[in-house]
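Here are a few notes on the charged side chains in this one. Have the structure open while you read.

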Amino acid sequence: MKKGFYLLFGFLLFWNGMQAQYYRNNDSGFLLGINAGYTYPLGDFGKINKNGLGGNLSAKYLINRVIGIGLEAGYHSFKTDIAGNDNVAQDYKCNLIPFVMEATFYIPTWDRTLLPYCGLHFGGYMTRIKINQQSNLYGDPAISKKLNLFSPGVGPDIGLLIELSEYVKLDLKIKGDYILNIKDEYKIDEYTQGNIGFNKIMNLGFSVGLLYTFQ
């Protein structure tokens with residue numbers, strides 16, 4: 001039984017080596033991809049929004065073995081934690097829509113089937129916030145407010161491309177976002193003061209996706 005396991009393991013190593021030789025020349029070309037990810041908010045943004053889920057569409061171009069450029073657009077929705085009280089009910093929704101450019105440095109490996117990378121993304125982020133507040137106190141009106149704000153942002157990327165076939169790559173990525181010029185103008189009144197305002201956005205995210213290569 002153990003001998004058979006070793007033979008099977010050796011065959012898999014041999015097959016992987018043969019596949020690596022076959023795919024190692026894919027050093028340039030266009031890649032189109034889709035990914036899904038988890039976002040962990042930090043700083044003031046993290047006091048209100050506890051976690052986010054979303055996805056991105058991407059288009060990349062490998063200029064050569066080590067340099068790539070690309071575009072990415074996505075949509076992320078955050079779960080919030082707003083502290084209310086017995087007299088006021090609050091509903092708070094937050095979405096983040098990034099439109100960024102990417103510059104990537106791929107660390108060369110001998111077979112190109114595992115390709116670590118690091119890079120920088122920069123561009124614009126649309127922040128969409130909707131707040132509804134209902135009060136059961138006499139004379140207090142219901143309040144509804146929306147914010148749509150487009151702000152610049154930047155962040156680092158680190159990741160790993162794993163060659164699944166000649167044309168398909170698995171993309172594992174960790175990224176950070178730092179978004180400027182977010183104003184805390186949507187604090188409403190004494191019940192919500194300090195609960196829903198922040199002046200910048202910082203996120204740490206992890207995504208898993210697939211990239212299809214066009215030679």
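1. Start with Lys 169 and Glu 163: both are buried. They pair up in a salt bridge, with the closest N and O atoms 3.6 Å apart. Keep in mind that this is a predicted model.

2. Side chains of opposite charge can pair when their charged atoms come close.

3. Take a look at Lys 60 and Glu 102, whose closest N and O atoms are 2.5 Å apart in a salt bridge. Lys 60 sits in strand 2 (residues 49-62) and Glu 102 in strand 4 (residues 88-106), so the bridge links distant parts of the chain, 42 residues apart. Both Lys 60 and Glu 102 are buried.

4. Next, Glu 72 and Lys 173 meet in a salt bridge at 3.3 Å, N to O. Glu 72 belongs to strand 3 (residues 67-80) and Lys 173 to strand 7 (residues 168-179), so this pair ties together parts 101 residues apart in sequence. Glu 72 counts as buried because its relative accessible area is 5%, under the 20% cut-off. Lys 173 is buried too, at 2%. Salt bridges that share partners join Lys 60, Glu 72, Glu 102, Lys 173 and Lys 175 into one network.

5. Is Asn 203 buried or exposed? It's buried, with a relative accessible area of 3%. Asn 203 lies in strand 8 (residues 201-214), and its contacts beyond four places in sequence include Phe 45, Phe 78 and Lys 175.

6. For contrast, check Lys 146 in strand 6 (residues 143-163). Lys 146 is exposed, at 60% relative accessible area. Together with Lys 93, Arg 128 and Lys 130, Lys 146 forms a positive surface patch.

Technical notes:
Residues numbered from 1 in each chain as written. Predicted model: local features only at pLDDT ≥ 70, side-chain atom pairs only at ≥ 80, totals over all residues. Heavy atoms only, no water. Patch = residues over 30% accessible without salt bridge, like charges linked within 9 Å, V, L, I, M, F, W, Y side chains within 5 Å. Areas by Shrake-Rupley, 256 points an atom, 1.4 Å probe, with all protein chains shown as cover. Salt bridge = Lys/Arg side-chain N within 4 Å of Asp/Glu carboxyl O. Lys, Arg positive; Asp, Glu negative; His and termini not counted. Charge placed at Lys NZ, Arg CZ, Asp CG, Glu CD. Helix = DSSP H or I, 4+ residues; strand = E, 2+ residues; numbered from the N terminus. Buried < 20%, exposed > 50% of the residue type's maximum accessible area, 1.4 Å probe, protein only. Contact = heavy atoms within 4.5 Å.
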